[in-house]
Amino acid sequence: MAGPFTTFVLSGLLAAAPGGFTFEGREASARTEQPDGFFIQGSLPFTDLAESGTGSASLTVEDRVSLPGATFGDKGTLEASFRLGATEYRVELMRPGFPPEQGQGGSGPPLRPPQHAMGGGVLLDVPFYGDSGLGWTAMTRTHAAVAVWGVGSVWRNGQLLTDTAFVHAAALAAGAYADDDTHRLLRQARYDDTELVVLVWNLPPRLEPRGFIQFVFEDVAIDVGGTAVSSRPFVENTGNPPLSWRSLTPVPPSAVVGAPVTASPPPVPSAIGGSGTAGALQDTEAVTRVTVPATAPGRRRLRPCRPRRCQGCR
């Protein structure tokens, strides 16, 4: 009785807190419109090593808890499948968040929630990844229409790998992967390029040596509070410079999951004018000017040759 009673008391406290909990929260959903997707290879998530595959996913959530530090209380489900060659994965998340240890269920040890705020397991309409303070730093900063965390189950070719997997899904309003065959990770996310990221870890190493799987879907329909998120089937990878260089989140090759945020300084402004640079840095007055000395330090100056009696430069 301790578990259900504790949950009941906590729910009552959340309901009594102004703006903390509501039984009719804001709803959102995301679903794939095309089966195209890609599987992230490599030893770490969020890399440029992608392999094309097919699958589908459906995500529905209800954001009932607005307290940033709450670790459970929201509602939602995720059902996703992905086929890569002869291998098919299936992921299910039936409840977002991380309830007290006695209420998580599953056959494995209880999982700890992420260190950052997760607002009850579901967040809507937030800056995400990169230097946003939410999600992985080794990823381009983007914008999530829906983000969810929780404990779920994973199957591979019909075999249950675990029912205590750490499941994360994010429906992105601004995609960070290229829409061409490379699926490379871009330095700047693009709005209208919706994507659905599914990342699962805490998998048994003897069954899944990397301990995690990650796949991404393109052509995703996202709805938040009854309003559809703008999207296009294909977004060009090229474009004008960003309005602010600080909006870029560089990802060094040595970046690891959970590493501190890294950032490069903005490029030095150029003194060369021209057209076609809308949105680039406009301040070109603070340009460092380098004066080249007539004589290099440590060398004596050569005298000009006299044509009539030249015997070599002295």
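Strands β3 (residues 50-65) and β4 (residues 75-84) form an antiparallel pair held over nine bridges. Within this pairing, threonine 60 has threonine 77 of β4 as its bridge partner. The model examined here is a predicted one. Strand β4 also pairs with β5 (residues 87-93), again in the antiparallel sense, over seven bridges. Here glutamate 79 finds its bridge partner in glutamate 92 of β5. Two residues lie between the strands of the β4 and β5 hairpin, where glycine 85 adopts a positive phi near 65°.

Stepping back to the whole chain, the protein contains one helix and twelve strands. Read from the N terminus, the order of elements is α-β-β-β-β-β-β-β-β-β-β-β-β. Among contacts between residues at least 6 apart in sequence, 62% join residues at least 24 apart. Of the 314 residues, 42% are buried.

Turning to the interior, nonpolar side chains tend to be buried together in soluble globular proteins. In this model, the largest nonpolar core has 36 residues, and the members touching the most others are Val146, Val200, Ile213 and Phe215. The most is given to this core by strand β8 (residues 159-177), which contributes six residues. With neighbours within four places in sequence set aside, valine 200 is in contact with Val91, Val154, Ala165, Phe166, Val167, Gly211, Phe212 and Ile213.

Methods
Residues numbered from 1 in each chain as written. Predicted model: local features only at pLDDT ≥ 70, side-chain atom pairs only at ≥ 80, totals over all residues. Heavy atoms only, no water. Core = buried A, V, L, I, M, F, W, Y, C linked by side-chain atoms within 4.5 Å. Buried < 20%, exposed > 50% of the residue type's maximum accessible area, 1.4 Å probe, protein only. Helix = DSSP H or I, 4+ residues; strand = E, 2+ residues; numbered from the N terminus. Contact = heavy atoms within 4.5 Å. Pairing = 2+ DSSP bridges.
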